[in-house]
Amino acid sequence: MSTPTSNTTTTTTTTTTTSTTSNSKNHVHTESNGIFTLAEYKTLTIICDTIFSDDSEIALNEIESLLPKNPKNSDENHKEHQLNILKEYFKRKSSDLDIAGQFLKLIAATKSSSQISDLKTLLGLFSTTGAGIILTGQFSSFVNLPLKSRQQVLIMMKSSSNPIRRQAFKAIVPLVISLYYSVIGDRGETSNPNWDAVGYDTPPPPEQIPGEEKLSFIKITSETSLKADAVVIGSGAGGGVTAALLAEAGYKVIVLEKGSYISSNNMTWKESEAFPLLYEQAGTLTSDDLSVNILAGSCLGGGTTVNWAASIRTPDVILEEWRKQCPNAFDSIKFNNAMDSVSSRLNVNTIDTKLDGTGAHNKNNKILEQALRDLDADPEPIPRNTKNCDTTQCGNCPMGCRSKSKQSSMVTYLEDCCSKGGQIITNCQAEEITTTTIPTTTSTTSTTNGGGGSGGGGGGQTVHGVIAYVSTPDGLKYRVFIKSHIVVCSAGALHTPTLLLKSKIKNSNIGNNLYLHPVIPIVGEHTQPVDLWKGPPMTIVSKKYQKILPNSGKNTGSILETPNSHIALSGSNCTFMWDGSFNFKRQMLKARNFSGFISICRDTVPGKIRLDKDGRSPKIQYTLSDRDWKSMLPSIEASLRALIKMGAIEAAIPMNGFKPGNQDTIEQYIKAIKSNGYKTNQTIILSAHQMGSCRMGSSKSNSVVNENGESWDVKRLFIADGSVLPSSVGVNPMITIYAISHIIANQIIQLYPLPNSNNNNTTTTTTNIGSSTTITANLNNDSPTQITYERDN
């Protein structure tokens, strides 16, 4: 599909023509690079104006009662100003902000071809007479219905017994809400026009703080070939610590990061600007059936750049469970030493989270603390990886830490790596791990610790390098090939299995056992502002609602914590409140008064990662199981009751079709949601933790890597990220990922030491590969096979 030559913004639509000579350029939507048609844009515009319509006439009689209770409003001039803000707010419809155009532009930039095709089909059904009845229950086309009828159709869809209708609602409405409260115009505006009405402060502009990160980059301006001792794919917790330890040991390390480098000085704290730079699919990533909203970092530093600094050690009960499968990797002393090491480098502490009255807890965490004390649910301080944190300026952790107080991978391990000669390539998407075949030696010796599908002296596949593509700001792509003796995949539990699948590595376990720590928010409305987006975001946790299953001995259930949720994310998570434009706008006037707890489940029923139809993107197959839903209920019930007991006006979970509970109805509400059960796309499920999709194990039959982190199928291919974890952690997994990657990095150094390193093993056999690499394998030691090589000149 070609794009129009005009650069004007498409905010109008064209009439249908039957002329066969009309130029197709006139029928495409320019802002989406011609991927969507003007007819599809027009359909989406009508849907968006159904969600947010001109409500000025409805609001006319209520406008004064909606003024916030503020002493300043006694001043007539101030009161008139506030009334005008509210009048404009209720009059403002989606098309005034071109939400449909922003929506299509975002989808075109972030989604796969199959996902775009699905949206096109959906928009076609909304605009079709007859076939659209599948979605709307109306024979007439949705777009031709009057406004009230369209709103009633959407209200019906969100809690319909038909899963197709719920999925269609989920595909459009939450993102429209998010954009409505976050988009900033391109004509010099610095804020969203709805912020004044809902009481959301415009974030301050980026500050030029002295001192850039001490990092070293390779700039790619043409097709390029490079050489390295080790290529690390990914720069988050796993990639950062692995790259640092290898560089410290003398390896020439190149780190590939598919996201951008956003320095502290350039971090914007506006959601519509920050999320496209920092998150997978600009924060719109979901499971294949749309039922789980997944937040995953996609920038230099990965999830450590955008997470909320929670640094909780792996629980002993989890390590005990994992030791049954991997006794060496999760040895208690070894793993605790690794956690001690990374915690020291990351400056993990509880200075700001103590519960003795000295902690810097925000209002939301104070509400959680009181609720937990009322429930006798043992509140605990959450350790955080921060240094000299000015907690009065906190609240924007999900969009990066400008002061560098948060000790992310970018300001710790990646700096360590670069100080020892390591280099980084950003905007660099690894497409394939290349391999070569090692001829089989005469030795028949093997070891369960050997990679490559055979033992220490056998043949098989070994890594040769990595093919990647670097994208430039002007849309160009350059192919990069890096020849490397060692390749470490640290692309995370979504992209590491995707890369292995694209590389045609044959192991039936790749992509299986995906755990997401599904999250259900519990929302309370209070009489005073809480401001979910201000202050340290996550400082208190309760583990009371986790339990050991008597039959399996496994730990299940949920922990309770608090989220950080800025206005766009808050709005999309409150989609369950949408029952018409006016009512939802009125609800969002109270957004400052919302509190939020999150029930984070240690899921026991995993999903899968598969390749999407395009053969390049991860397809996330995951649906919350009935077992895991039920394991979350005790924490949800307790939270709802505690919020009401503390004086909340209403409390609810984001389940469509149920009016929130209050002082008189909370028990009926709890009974109703339990009776309803979990249905996909009726309840908002979130995930910020992804694990297990290339699990570690003691046998190739049930795992992707051995206890050294090395592939069973390809020698010198390692995985060091959350994907190797045998199962869900049950707590925030950052420290666990750092620790296992720390162990794997040291195993790489032991197994494949550099030339001239100390090696007391004297009995070897040598296999030549080409003209530049010599592999020397120890055959007379019961310890893991050690292999050295000669560097390329």
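This briefing describes confidence, salt bridges and a surface patch in a predicted protein model. Residues are numbered from 1 along each chain as its sequence is written, and side-chain values use heavy atoms, with hydrogens and water left out.

**Confidence**
- The average pLDDT of the protein is 89, and 88% of the residues score at least 70.
- Residues 1-23 have a pLDDT below 50.
- Where pLDDT is low, the predicted coordinates should not be read in detail.

**Salt bridges**
- The structure contains 26 salt bridges (a side-chain nitrogen of Lys or Arg within 4 Å of a carboxyl oxygen of Asp or Glu).
- One of them joins Glu 40 and Lys 120, at 2.9 Å from N to O.
- This pair links helix α1 (residues 38-51) to helix α5 (residues 113-126), with its members 80 residues apart; helices are DSSP runs of H or I with at least four residues, numbered from the N terminus.
- Glu 40 is buried, with a relative accessible area of 14%, whereas Lys 120 is partly exposed at 23%; buried means under 20%, exposed over 50%, and partly exposed in between (1.4 Å probe, protein chains only).
- Another salt bridge joins Asp 531 and Lys 534, at 3.7 Å from N to O.
- Salt bridges with shared partners connect Asp 201, Asp 531, Lys 534 and Arg 592 in one network.

Terms used
pLDDT = per-residue confidence, 0-100. Contact = heavy atoms within 4.5 Å. Helix = DSSP H or I, 4+ residues; strand = E, 2+ residues; numbered from the N terminus.
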